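Dear colleague,

I am passing on the structure below, and I would be glad if you could look through it alongside the notes that follow.

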Amino acid sequence: MLKRRTNFNGIAYENSGTATTATSKDEEIEWEMRPGGMLVQKRSGACDNLVTYYRLRVAYDAARYEISISSQATFGELKKVLAAETGLQPGEQRLIFRGKERENEDYLDMSGVKDRSKVILMEDPSSKERRFIEMRRNAKIQSAHRAISDVSMEVDKLADQVSAIERSIQNGNKVPEVQITTLIEMLMRQAVKLDSISAEGDASSQKILQGKRVQKCVETLDVLKVSNAKVLKPVVETTKWETFDPPLPPPPIPPSTTHWEFFD
């Protein structure tokens, strides 16, 4: 048998945690504790089985939504339904009803919400700021990716030239030193471009990778520059000469047959 005791407000508490108030000898009202510490009249079993649904009109900026939801739901549950409709996460929403912002644990029916009631949805200003910062961050990352990609394509071309010079020297062909020096300068320009790119996350990893490629190419050219100086076989451009037959000798002069007359 459960024991019952009554406080000074006339509310009797049982060991089960349910409170009852005696209004007469034949009638008792039972109370229950709602989340948030609110003490409300306990619904009967028949009422619990009968759930009423409200059609709420929700205004969000210029958009209008009609949401069907249980009358016994909370504003927090309403936010979850609106998240699927608006794309705003529950933590980014603020619900205004009758000029007052409602908390997540507030019940619709206990707050005076009726069928066809109007609720105003607003985006939390702090979430707007966070989204703006996130958009700027994403735009910055995309810009860094594009800049690093451009440098990567240039390094690919220069790396091919380094490989060509290396093969030429290995085959014993001397390469003009100015060609090696110019190639080193072009690689250093790409290194300067990489240093000017502000990157983070995956873009930062790509930036480091390209920087190592540039460094490796420059080191390879420094070694090739020394090897090229030891090559004795210069680069000689061979010229093809055209040969001509020697001219024929002139015909011999026949002896003179002229008779000369002498005078005293």
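**Strand pairing and one lysine**

Strand β6 (residues 53-60) runs antiparallel to strand β7 (residues 63-70), and eight bridges join the two; strands (E, at least two residues) and helices (H or I, at least four) are DSSP runs numbered from the N terminus, and two strands pair if DSSP finds at least two bridges between them. This is a predicted model, in which local features need pLDDT of at least 70 and side-chain atom pairs count only at pLDDT 80 or more, while totals for chains, interfaces and linings use all residues. Residues are numbered from 1 along each chain as its sequence is written, and side-chain values use heavy atoms, with hydrogens and water left out.

Within this pair, Arg-55 stands opposite Ser-68 in β7, and the hairpin that β6 and β7 form has two residues between the strands, with Asp-61 in the turn showing a positive phi of about 55°. β6 is also joined by three bridges to β10 (residues 118-123), to which it runs parallel, and here Val-58 stands opposite Val-119.

The open sheet has five strands in the order β7-β6-β10-β8-β9, with mixed pairing. Because β7 and β9 (100-101) stand at the edges, each with a single partner strand, one side of each is left without a neighbour in the sheet.

Lys-79, which lies in helix α2 (residues 75-86), is buried yet has no salt bridge, the nearest side chain of opposite charge being Glu-101, 5.5 Å away. Buried means under 20% relative accessible area (1.4 Å probe, protein chains only); Lys and Arg count as positive, Asp and Glu as negative, with His and the chain ends not counted; and a salt bridge needs a side-chain nitrogen of Lys or Arg within 4 Å of a carboxyl oxygen of Asp or Glu.

Notes: Buried means under 20% relative accessible area, exposed over 50%, partly exposed in between (1.4 Å probe, protein chains only).
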